[in-house]
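Dear colleague,

I am handing over the structure below for your records.

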Amino acid sequence: MEKFNKVSFIGFGLINSSLAQVFKLKKLANKTSAFSRREETREKIRNLNIVDTVNDDIEDCVKEADLIILGVPVGAMEGIINEILPYLKKGVIITDVGSIKKKLVDTLEPLLPLGVSFIPGHPIAGTEKSGPDSGFAELFNGKWCILTPHKDTPQKSIDKVKFMWEKAGMKIAIMDAEYHDRVLAITSHIPHLVAFSIVGTVTELEDQLKTEVIKYSAGGFRDFTRIAASDPIMWRDVFLNNSEAVLEMLGRFIEDLTALQKSIRWQDGESLEKLFTKTREIRKGIISEEQD
Ligand code: NAP
């Protein structure tokens, strides 16, 4: 596959910073440019020396680009598309790395003129860290990237985005946007919600108890605090924009939690043991999948 001519990174946090490092390492483009709304962030990007140009204007960043990668919170993407519309080159491919897909597809696709391919994407890779300094090229290695293109999207454009993620070390899955959101609701969004909720509960405890919890936080709670330290804006936007799938899965989760509550109240050890044995199997399945 031919390399890209000019690639433009809009937003430069954990994901785009990591991807830009892949572009540099693997020489995937003749020219790379980046834009972020705050001067403070642009200065950080300049110091990292990953991209060829850091633009103060979004217009200069996207002009002549043949690939534009949106790496901002999902709630900010519509505004950005409206801003860059007048400067898009014919034939440009726009992709994003947002954690939800259906609402983005519904909002962004109608805005784009003919001759612009939009390939929604979601690299299932991340950490709880944010900002340009948190990026690293190995972030995507061995993980899945889900693409949710419209059925009329030219295959050539899809292949170019696939090529980029494969170069980053990712396995590619093509999926319907709505299905993506249901899968991610249970695999990522609800687990984050549970972590935000449990850690939130601790913030409400009386001071003495809170101190003890923090002191003895080995094991379970400590793992929750890592997840609950994720970027607040990104996660606010995930829940606001995937509310339907999250509420559906949350309903199921609450029912199952209530069943567990009942088992504990009724001292039903058999039910507890049966469930914990089943969940242990899920863990084994995940580990063996990772080793394949
Ligand atoms: P991040 O590290 O928090 O960086 C966010 C970037 O977006 C910064 O360049 C920031 O600009 C910009 N930004 C924030 N709010 C904005 C707004 N209202 N308007 C314009 N620009 C704005 O982000 P990230 O973790 O890389 O996440 C980026 C996207 O990837 C999100 O859509 C997220 O859902 C998705 N994603 C994240 C992960 C993860 O684990 N983090 C994993 C997969 C997908 P300034 O710094 O200049 O303000």
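The model contains an open sheet of six strands in the order β3-β2-β1-β4-β5-β6, with parallel pairing. Because β3 (53–54) and β6 (117–119) stand at the edges with a single partner strand each, one side of each is left without a neighbour in the sheet. Helices (H or I, at least four residues) and strands (E, at least two) are DSSP runs numbered from the N terminus, and two strands pair if DSSP finds at least two bridges between them.

Please note that this is a predicted model, in which local features need pLDDT of at least 70 and side-chain atom pairs count only at pLDDT 80 or more, while totals for chains, interfaces and linings use all residues. Residues are numbered from 1 along each chain as its sequence is written, and side-chain values use heavy atoms, with hydrogens and water left out.

Within the sheet, β4 (residues 67–70) and β5 (residues 93–96) are joined in the parallel sense over four bridges. L67 is placed opposite I93 of β5.

One further residue deserves mention. I50 is located in the loop between α2 (39–48) and β3. With a relative accessibility of 9%, I50 counts as buried (under 20% relative accessible area; exposed is over 50%, partly exposed in between, with a 1.4 Å probe and protein chains only). Leaving aside residues up to four places away in sequence, I50 touches F12, S17, A20, Q21, K24, T32 and I45 (contact means heavy atoms within 4.5 Å). I50 and T32 are 18 residues apart along the chain, and their C-alpha atoms are separated by 8.7 Å.

Yours sincerely
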